Amino acid sequence: MMRQDENRKGPVGDGDEDGRPDPRLTGLTAGFVGEVRACLGADRIDRVRALAEPLGPADLADLLESLDPRERARVIGAIRDSFDPTVLIELDDSVRLEVVEQFDTADLAAAIAHLESDDALYLIETLDEDRRIAVMQAMPAAFRDILEQGLAYPESSAGRLMQRDVVAVPGFWTVGEVIDFLRRSQGLPDDFYDLVVVDPAHRPVGTVPTSRVLRNPRGTRVSEIMEDRGLSVPATMDQEQVADIFRRNDLISVPVVDAAGRVVGAITVDDIVDVIDEEAEEDLLGLARAGERDIYASPLRTARRRQSWLLITLVNTILASLVISRFEGAIERIVALAVLMPIVAAMGGNAGMQVITVMVRALAARDLAAGGTWRVVGKEVVVGVMNGIVFATVMGTIATLWFGEAALGLVLASAMMFNMVWAGLAGTLIPLTLDRFRIDPAVAAGPLLTTTTDVLGFFVFLGLASTFLL
């Protein structure tokens, strides 16, 4: 049976009783994982339990991810009675699916019911549909209703991210009344940072940090010490927008409101850190065209995920090959063209990817203020011109000295200049256009840019060579 034991002690100080560094500070070492594996191999289950139980949720998740499926199952079996379900939140998706299969429906439902509502909702939505239905049916009715309400919100929205338990107080209460209320209440969230101040309709009018409540005399009214900006986010807002609000306003928590403006939950900064990490990882993998994070997935599943991006690359190369085939005669007569033309495409592609990386980051962080978009486009074109002049001069000179023909060097320089400028222009306009049509630029911009720089680069270089050298 899994249980959430918040009072369980892990290693403290600079090391545990064996002199091992505290993994909460240093992370798991290869030596620690190796010792767990050795104990499993020697069937020393008591020692495995002693090593694994003190670990915090993130470190235990790292340990489970470092083991193969058979070892993972044996570690779970060793610590089943004290297993903290928070570990499931920290696991990679592929590993989590394996781990939850080791617990029956009743145990899994009981464990999830002990989590904060936002963590429970996240865990429930990662289960496959049949398991999700079975687990929710095994939950207490009140908690099941909370999860069903959360699942009704759009994916990746504030409603999915928020915790339903929120501390709301009226502005006319005194500090003493608030403190007495907090001491008497049984259903408070385990952790909260701000108190939400609400009007009679339960709409937020401000927030008060708990530290400020504790520092003021009991007779002070909440309305006198609250921050009255009344900042809140709608439950349907996308989580990326919520993260941007946290970043711009340096928030610790923010209330979430329904369509009528009433408080229905709160989002805390620990959840926003996860969102930022998730979105950054998604953008990075999209730029690399590697699909989803799949380090723990099976080879077959990983291969299938990546095939679509490889197919796009194949189409790109076919288009480039078609352009080259139109100039077979020129290439046959001037063999140097075959040697030099990859340089034009490669330089344009790399220059464009530099611009796309910057633009995707700017779009994700919402750094492009109103009216500043065309300034950025103009700047990148100017940068393309400057870099084009430098590298066109360098490669034009090298080609002239290499093949002993100044006209060939001039053609190469002209084509490279064109492609570098185009890379700066396309590297800004493609992400902006995709974002305008609500297509993720991190995923789609790279293939589009590569196609244009390759095709145009070959076309311009070979076209100029056919015109001026033949």
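Trainee: In which sense do strand β4 and β5 pair, and which residue stands opposite Val 256?

Mentor: Happy to start there, keeping in mind that this is a predicted model. Strand β4 (residues 233-234) and β5 pair over two bridges, in the parallel sense. As for Val 256 in β5, the residue opposite is Val 233.

Trainee: What about β5 and strand β6: in which sense do they pair, and over how many bridges?

Mentor: Here β5 and β6 (residues 263-268) form a hairpin with five residues between them. Gly 261 in that turn has a positive phi of about 85 degrees. The pairing of β5 with β6 is antiparallel, over five bridges.

Trainee: Are the residues of strand β5 buried or exposed?

Mentor: Let's take the two directions in turn. Ser 253, Pro 255 and Val 257 point one way from β5, while Val 254 and Val 256 point the other way. Buried means under 20% relative accessible area, and five of the five residues of β5 (residues 253-257) are buried.

Trainee: Nice! Now the helices: at what angle do the axes of helix α10 and helix α11 cross, and which residues of α11 make the contact?

Mentor: The axes of α10 (residues 129-137) and α11 (residues 141-151) come within 10 Å and cross at roughly 145 degrees. From α10, the contact is made by Arg 132, Met 136 and Gln 137. The contact residues divide into three nonpolar, one polar and three charged. On the α11 side, they are Arg 144, Leu 147, Glu 148 and Leu 151.

Conventions. Residues numbered from 1 in each chain as written. Predicted model: local features only at pLDDT ≥ 70, side-chain atom pairs only at ≥ 80, totals over all residues. Heavy atoms only, no water. Axes fitted to C-alpha atoms, helices over the stretch in contact; angles between N-to-C directions. Helix = DSSP H or I, 4+ residues; strand = E, 2+ residues; numbered from the N terminus. Contact = heavy atoms within 4.5 Å. Nonpolar A, V, L, I, M, F, W, Y, C, P; charged D, E, K, R; others polar. Buried < 20%, exposed > 50% of the residue type's maximum accessible area, 1.4 Å probe, protein only. Pairing = 2+ DSSP bridges.
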